[in-house]
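My entries follow in the order in which I looked things up.

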There are 2 protein chains.
Amino acid sequence: MPLTGRNFIGSTRSSRGAKVFRAVNPSLNKEIEPAFHEAVPDEIDRAMKLSEAAFVEYRGRLPGQRAAFLRGIASEIERLGDELVERAVSETALPAARITGERGRTNGQLRMFADLVEEGSWVDARIDHGDANRKPAPKPDIRRALTAIGPVVVFGASNFPLAFSVVGGDTASALAAGCSVVIKAHPSHPGTSELVMGAMLQAAKSNSMPDGVVSLLHGVDPEVSLALVSHALAKAVGFTGSHRAGRALFDLAAARAEPIPVYAEMGSINPVFVLPRAVKESGVQIAEGLTNSVTLGVGQFCTKPGVVVCLDDEATRRFVEEVLRRMAAVPVGTMLNPRIAKAYADGRKQFGGVHAASPGLPTQAVPTVFTATGEQFLSNRHLREELFGPETVVVTAKSPGQFEEIASCLDGQLTATIHAAGGELAEYRLLVEILRRKAGRLIFNGYPTGVEVCSAMHHGGPYPATTDSRSTSVGTAAIERFARPVCYQDCPAEMLPAELLEGNPMSIWRLIDGQWSQ
Amino acid sequence: MPLTGRNFIGSTRSSRGAKVFRAVNPSLNKEIEPAFHEAVPDEIDRAMKLSEAAFVEYRGRLPGQRAAFLRGIASEIERLGDELVERAVSETALPAARITGERGRTNGQLRMFADLVEEGSWVDARIDHGDANRKPAPKPDIRRALTAIGPVVVFGASNFPLAFSVVGGDTASALAAGCSVVIKAHPSHPGTSELVMGAMLQAAKSNSMPDGVVSLLHGVDPEVSLALVSHALAKAVGFTGSHRAGRALFDLAAARAEPIPVYAEMGSINPVFVLPRAVKESGVQIAEGLTNSVTLGVGQFCTKPGVVVCLDDEATRRFVEEVLRRMAAVPVGTMLNPRIAKAYADGRKQFGGVHAASPGLPTQAVPTVFTATGEQFLSNRHLREELFGPETVVVTAKSPGQFEEIASCLDGQLTATIHAAGGELAEYRLLVEILRRKAGRLIFNGYPTGVEVCSAMHHGGPYPATTDSRSTSVGTAAIERFARPVCYQDCPAEMLPAELLEGNPMSIWRLIDGQWSQ
């Protein structure tokens, strides 16, 4: 079916607005058809109202029904076949193999949340039985479990057109929790977004889900985003993107008459500390790994290592030469869109007055290594800010003590990495301690890109990596963002949710009178 | 030891400021000695810096050490004996039996968190083992557990001088999580605060805790509170009190360069719906229970039922008469302080131009029942706002359908209560559904006052009941507010926290490769 360029208010297509935009094929730096209609205030309001109505029904669906819906979405995405891959490639310049891999991850996430919801223990059910004979007052029967928070607004990210976009981790976890979702498509890949929305609608229909359980709105104008986050019916926001946009949404949500949580993952510089013996023993290998990690996906990952810290010694000089040599051999890459490519070009100038060859198209990016002393890094705040693209800053510290100083000056991070030779780590306990305060994930002898999707993953971190350091946007714990506890006191069985009934009909793990059991 | 009226920066007494205030004995409406020194900016800054230094040490203490510290605090509070009870009575006008009971609850909470930390499973440990042979990429070893968030600022509440004050639920759960705490004493009971602080310092000393694990600052001026929440080293805030103050702290925290979570419990009107057959069958008994709940502690509970909804019929007319008769028989009570008593008197006027007898002292409050039709309640926003004190609004709805309309118009609540006769609830499923969206705790055939402290308790609720509907300030789950996950990828055993080691040396519940085990 050809793309329509319209918004989806549930299953209803709508294009009331006169303002349109087109995707850009970054490989050609040319617009591609069709035109997409920006949502107007009336469409935003209708989508939110329908979402609220759908939520009331959807949250009552059995876990097995929600799981079937999630699995159905994955199957429908697979059924889109090459059409989806081709459109995504043309809108992002990401290679087909990457899009195919990302599709696998997206569907894997959907099925992971389906399993989680079907298993059911995520609701953190707790029961404390009453005691009518307790003195001085009888003890009531108290039960609590997590329940869906309400309609969620999700913002698609540009750099993961599938896995962090229309039905990426945010939407999948919100739907799993029992929330309806209104999605703001990223204007960088509107066609990919429409295709995925079509798959979701098909799965919603096949699984008899209420109309409006998902909606999709387009917009380049920030007003569309702001109207969504301001809407009284929105109860939470999922976002992955720039610090500027994430903070704007957070500020708006906090200033509402009823503030709502904004889970904004805003990236970081993901520092890598390479300890002196590791440089000496494995410098070449680490240089190779780092170059791959920095330039993977043209450096467009929120976990790209943006700073590498080494000790200023002879081994490091050789290591830096090796990194420079390898980075110089990486071909110019095409970025996701002209805006991101321009920000990268501007950032390169700001970082160090680079005079390297200019790229051909304005969407292309030249892989770049900057070098700085510890002092320069400590005194130049720009070097500690994320630059999205295939670059990194290699910092040579004058002493191991300066490692700690550098770690201490960092903002909150999604990840922090340490490369250490055998036995070397013990000398750097304080460094590890400092990084533990700074980051959501500590990586040893590895690279931050490539986030494993599993129960133990935490993809989050202290501000400004995210707006809520307690939350993750990857892994099963992501579901907790879209739920809140409800407690029942002396509640008759007829009004209890199934997960809190005596006899445990759902066979889930529960904390009963202080003991976990299944 | 006589009270000093000074601030405590860790164990160091400080009184640099010239501004002093005194507690008021509300029973006499007279100031009592000594003078307390308001903290000045330098003292606030020193307390936060010492708290940060103490945190770095304290978070590394073994769970058993933290548990011993918490239990030590409880013992020291008990050792204060009558001196604490007498001072608390003189500062709050609450009866000695209530203070003694509250002391028991406070110490019970401390010991509950000690048990929780010692048991250890609260850290939600998860391990996904690696697989070097996985294709296309090896699977890393991923482990995660919760860790303390950093220095926490806690605001003592006026209405629970022990259980929600200096070492109430917020401080106990923050200390249990491994956070250091800087406490802003409530100016309504500074002497009680100093006594409890002394007990904490004694326990800290006996248990060799780092100096600054707790600090206590005084202040009537909002500037003290604002400076604490603005301080860059503060990582979270616990607050119980008025909507105006809670929202101000929330707004300030959200506007920081690094926003931090504010867990503000700001009260609610705790609606009670008495279904028609329940009124008919148990009207007298419910009138008695409601009167007790409304006037308990002179109506100074955040769970006081502020609105009672019934159907407009003959049985309700008799029920309302019974409530009025019983409420008229409740003696005038003395409120916590002149400010609260004045707000109550002003609110009474605003609610309905009451002409009942005036109280004797300006700190006294006359128990009051207001009546309103469903229409009046729906059209008068004031009636839907909390009035702290011994009053309630009885609303007579014209139809069962109006019950739903009334429930829908309510703001977020800590609790919602339904009284139903046998079999009656089934006719009100929609009402229950609406209330589930509105409240943190649903109570059946009971009363909202008297919050059970246990694992399944949820004392929270949608805004404006709290600023974070996912959090509770009562029960073991309160600890989660002050922790965030940290994830370890391919981490050598020497750098892993004990809760994530192979072999499970702490014998805690863990999610290993998707399966819970101990």
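How many helices and strands does the secondary structure of chain A come to? I noted 13 helices and 22 strands for chain A. I also wrote down at the start that this is a predicted model.

**Entry: overall form of chain A**

I looked up the radius of gyration next. For 518 residues, a compact globule would have a value near 24 Å, and chain A, at 24 Å, agrees with that. Along the principal axes, the C-alpha atoms of chain A fill a box of roughly 75 × 65 × 40 Å. I then checked burial and found that buried residues make up 58% of the 518 residues in chain A. As for contacts in chain A with a separation of 6 or more, 75% of them are between residues 24 or more positions apart.

**Entry: how the copies relate**

I followed an open sheet of 11 strands with mixed pairing. Its order is β16(A)-β17(A)-β13(A)-β12(A)-β18(A)-β19(A)-β20(B)-β6(B)-β5(B)-β21(B)-β22(B). Which strands stand at the edges? They are β16 (368-373) of chain A and β22 (515-517) of chain B; each has a single partner strand, so one side of each is left without a neighbour in the sheet. Neighbouring strands of this sheet are turned by 20 degrees against each other on average, direction ignored.

At the chain B end of my list, β21 (residues 510-512) of chain B pairs with β22(B) in the antiparallel sense, over three bridges. I picked out I512(B), whose bridge partner in β22(B) is Q515(B).

**Entry: helices on the sheet**

Helix α8 (residues 276-295) of chain A touches β12 (272-274), β13 (307-311), β17 (391-397) and β18 (413-419) of chain A. The direction of α8 makes about 150 degrees with that of β12(A). Helix α12 (residues 400-409) of chain A packs on the sheet as well, touching β12, β13 and β17 of chain A. For α12 I noted an angle of about 135 degrees with the direction of β17(A).

Technical notes:
Residues numbered from 1 in each chain as written. Chains lettered and ligands numbered in written order. Predicted model: local features only at pLDDT ≥ 70, side-chain atom pairs only at ≥ 80, totals over all residues. Pairing = 2+ DSSP bridges. Helix = DSSP H or I, 4+ residues; strand = E, 2+ residues; numbered from the N terminus. Axes fitted to C-alpha atoms, helices over the stretch in contact; angles between N-to-C directions. Contact = placed C-beta atoms within 7 Å. Rg over C-alpha atoms; globule rule 2.2 N^0.38 Å. Buried ≥ 20, exposed ≤ 12 C-beta atoms within 10 Å, placed from the backbone.
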